[in-house]
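Here are my notes for a first look. Please keep the structure open as you read.

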Amino acid sequence: MNLTILGSGTCVPLLERGAPANFLQIGAQNILVDCGAGTLKQMTKAGIRYQDLDMICFTHFHPDHIDELPAILHALNWTPGFKRTKNLTLLGPKGFKTHFEKMVAPLGGVMPRPDTYQIIIKEISTVFHLAEFEIHACKTKHCLESIAYKFKTGEKSIVISGDCDYDDALIKFCNHTDLLLLDCSFIHEHKMIGHLTAKECGIIGLKAKVKKLILTHLYYEPHIESGLYDQYRLREARKNFETAILGEDFMVVGV
Ligand SMILES: [Zn+2]
Ligand SMILES: [Zn+2]
């Protein structure tokens, strides 16, 4: 499995960190996990073809995680010389079908539904089985529908937390995972309910005995220079998990 971070930022626009988006290559499958604004451009920069996507998974419905979906569907329909024929699976938490209808139906006039391929909409509760791998979900403490995902092939696994707060169920879900990509919105001094701090990220990594911990969903404070804030963040996380690293846009990690 290969993970490419396409957006290590948040809803706040930053030149160096895109809105949340991650690309996973599992065997021949091309999967996007969340797609905030600008994901198509980030994919293009990374040399990843949106035309080849098989599946898009959504952790929750906040705009910074889902907003690029209509733009992706639009591009799949209107790229000159390209006719998509393979199905596209969209996977989300409970309520996703209704959310998708609400999000895409009003665009009907400007964005005709695909007529050369099918969009398959699925909701995940605990596990979704595919031929080559499994996707597991765990409810997170962030909003009504928010979930974390675990992608599992044989002995290897990657967990993408989405937005989340500290929770024993999440620690259990991450247990011994090869790679944990974790919401690390702030340092502990600036804790916001519904998001993790660097200190909590380190504790989760330690308690869950994960092999690799990457911090993402990085917010900043207006009065602290971003490079310095990242130093504070990393130092705080490393008190409990020495090898924690900061996610960067276009970082590629294999497990
Ligand atoms: Zn978010
Ligand atoms: Zn959110």
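**Notes on the fold**

1. Start with the crossover. Strand β3, helix α1 (residues 39-46) and strand β4 form a β-α-β unit, and the unit is right-handed. Bear in mind that this is a predicted model.

2. Next, the pairing inside that unit. β3 and β4 (residues 55-57) run parallel, joined by three bridges.

3. Strand β2 (residues 21-26) pairs with β3 over six bridges, in the antiparallel sense. Here Asn22 faces Val33 across the pair, with Val33 in β3. The hairpin of β2 and β3 has two residues between the strands. Gly27 in this hairpin has a positive phi near 60°.

4. Why is β3 described as largely enclosed by the rest of the structure? The strand spans residues 29-35, and five of its seven residues are buried. The cut-off for a buried residue is 20 or more other C-beta atoms within 10 Å of its own.

5. Look at the β6 end of the order. Strand β5 (residues 88-92) and β6 run parallel, with five bridges between them. Leu90 is placed opposite Ile121 in β6.

6. Finally, a residue in a loop. Is Met192 buried or exposed? Met192 has 11 C-beta neighbours inside 10 Å, so it counts as exposed. The cut-off for exposed is 12 or fewer. Met192 lies in the loop between β11 (179-183) and α6 (198-207).

7. What does Met192 touch, leaving out residues up to four places away in sequence? The contacts are Ser185 and Phe186. Met192 and Asp165 are 27 residues apart in sequence, and their C-alpha atoms are 8.9 Å apart in space.

Key. Residues are numbered from 1 along each chain as its sequence is written. Chains are lettered from A and ligands numbered from 1 in the order in which they are written. This is a predicted model: local features need pLDDT of at least 70, side-chain atom pairs count only at pLDDT 80 or more; totals for chains, interfaces and linings use all residues. Helices (H or I, at least four residues) and strands (E, at least two) are DSSP runs, numbered from the N terminus. Two strands pair if DSSP finds at least two bridges between them. A crossover is right-handed if, with the strands pointing away from the viewer, the path from the first strand over the helix to the second runs clockwise. Two residues are in contact if their C-beta atoms, placed from the backbone, lie within 7 Å.
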